[in-house]
Amino acid sequence: MAKPREYSPSDFLYGPIIGEGRFGSVVYAEHSTQVVVDNNGGVDNGDMHQHPEQPQDKQNNDGQGFAIKMIPKSEILRYKLLEAVMTEKRILSEVLVNNQHDEE
């Protein structure tokens, strides 16, 4: 089974919260490959904004949308959710790989 591409938080522009749960939020994000940066250093892309670690000079945006689940590490540890989070990540990775094979 092929391994899906690994992403980091700085690979995305983040938009509005699209869902909230007990332990975290789900936000809309777009993969960052080319976005216009305005004269004040801000991203000129509607409600989208950069992750704080994202470089300010060359941002890109190919328009591919993602739903990104954000759970603070402190909540994962406090509620002993590590096993559940890792299981969810594994299952979603398998679904992604299977979908990539179906598109080929």
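Modeller: Contact means heavy atoms within 4.5 Å. This is a predicted model, in which local features need pLDDT of at least 70 and side-chain atom pairs count only at pLDDT 80 or more, while totals for chains, interfaces and linings use all residues. Residues are numbered from 1 along each chain as its sequence is written, and side-chain values use heavy atoms, with hydrogens and water left out.

Colleague: In what order do the elements of the chain run from the N terminus on?

Modeller: Helices (H or I, at least four residues) and strands (E, at least two) are taken as DSSP runs and numbered from the N terminus. The chain has two helices and four strands, and from the N terminus on their order is β-β-β-β-α-α.

Colleague: Which residues does S25 touch, not counting residues up to four places away in sequence?

Modeller: S25 has its place in strand β2. Buried means under 20% relative accessible area, exposed over 50% and partly exposed in between (1.4 Å probe, protein chains only), so S25, at 18%, counts as buried. Not counting residues up to four places away in sequence, S25 touches I17, G19, E20, I68, K69 and M70.

Colleague: Is E75 buried or exposed, and with the side chain of which residue does its side chain make a polar contact?

Modeller: E75 is found in helix α1, residues 73-78, and it counts as buried because its relative accessibility is 16%. Not counting residues up to four places away in sequence, E75 touches F23 and L81. A polar contact is a pair of N or O atoms within 3.5 Å, where within protein one must be able to donate a hydrogen and the other to accept it, and residues adjacent in sequence count only if both atoms are side-chain atoms. At 3.2 Å, the side chain of E75 makes such a contact with the side chain of R78.

Colleague: What percentage of the contacts in the chain with a separation of 6 or more is accounted for by residues 24 or more positions apart?

Modeller: For the chain as a whole, 23% of the 104 residues count as buried. Among contacts with a separation of 6 or more, the share of residues 24 or more positions apart is 60%.
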